[in-house]
Amino acid sequence: MAIDTRGETADKPSGEKKTRTSPALFYRQVVNELRKVIWPTRKDLITYTTVVLIFVLIMVAIVYGLDSALGWAVLRVFGGS
């Protein structure tokens, strides 16, 4: 059975009053989390971008080919100019 915990933090019981985080504390927490991120190197970034662009081009070609073939087939079956 799932427990609905939306809007609650895991470390506070539901009976305690929730306090808001100040903007300064939130900013410090964000900066601390971003320091933990392992950022890709320039070489990695270029490699990932190239892979994504090639994949997108291949998918565009496949969709275009299927669209053209199915369009041709529909016009042959149902007639058209």
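Helices here are DSSP runs of H or I with at least four residues, and strands are runs of E with at least two. With that in mind, let's walk through this predicted model, starting with a stretch that carries a database annotation.

According to an unreviewed UniProt entry, residues 45-66 are annotated as "transmembrane region".

Val52, Ile54, Phe55, Val56, Ile58, Met59, Val60, Ile62, Leu66 and Leu70 make a nonpolar surface patch of about 930 Å². Take Ile62 as one of its members: you will find Ile62 in helix H2, which runs over residues 42-78. Ile62 has a relative accessibility of 41%, so it counts as partly exposed, a class that lies between the 20% limit for buried and the 50% limit for exposed.

Next, turn to helix H1, residues 23-36, where Glu33 and Lys36 both sit. These two residues are three apart, about one turn of the helix, and their side chains meet in a salt bridge with an N to O distance of 3.1 Å. How exposed are the partners? Glu33 is partly exposed because its relative accessible area is 47%, whereas Lys36, with 60%, is exposed.

Technical notes. Residues numbered from 1 in each chain as written. Predicted model: local features only at pLDDT ≥ 70, side-chain atom pairs only at ≥ 80, totals over all residues. Heavy atoms only, no water. Patch = residues over 30% accessible without salt bridge, like charges linked within 9 Å, V, L, I, M, F, W, Y side chains within 5 Å. Areas by Shrake-Rupley, 256 points an atom, 1.4 Å probe, with all protein chains shown as cover. Salt bridge = Lys/Arg side-chain N within 4 Å of Asp/Glu carboxyl O. Buried < 20%, exposed > 50% of the residue type's maximum accessible area, 1.4 Å probe, protein only. UniProt positions renumbered as here; feature names shortened; annotations may be inferred.
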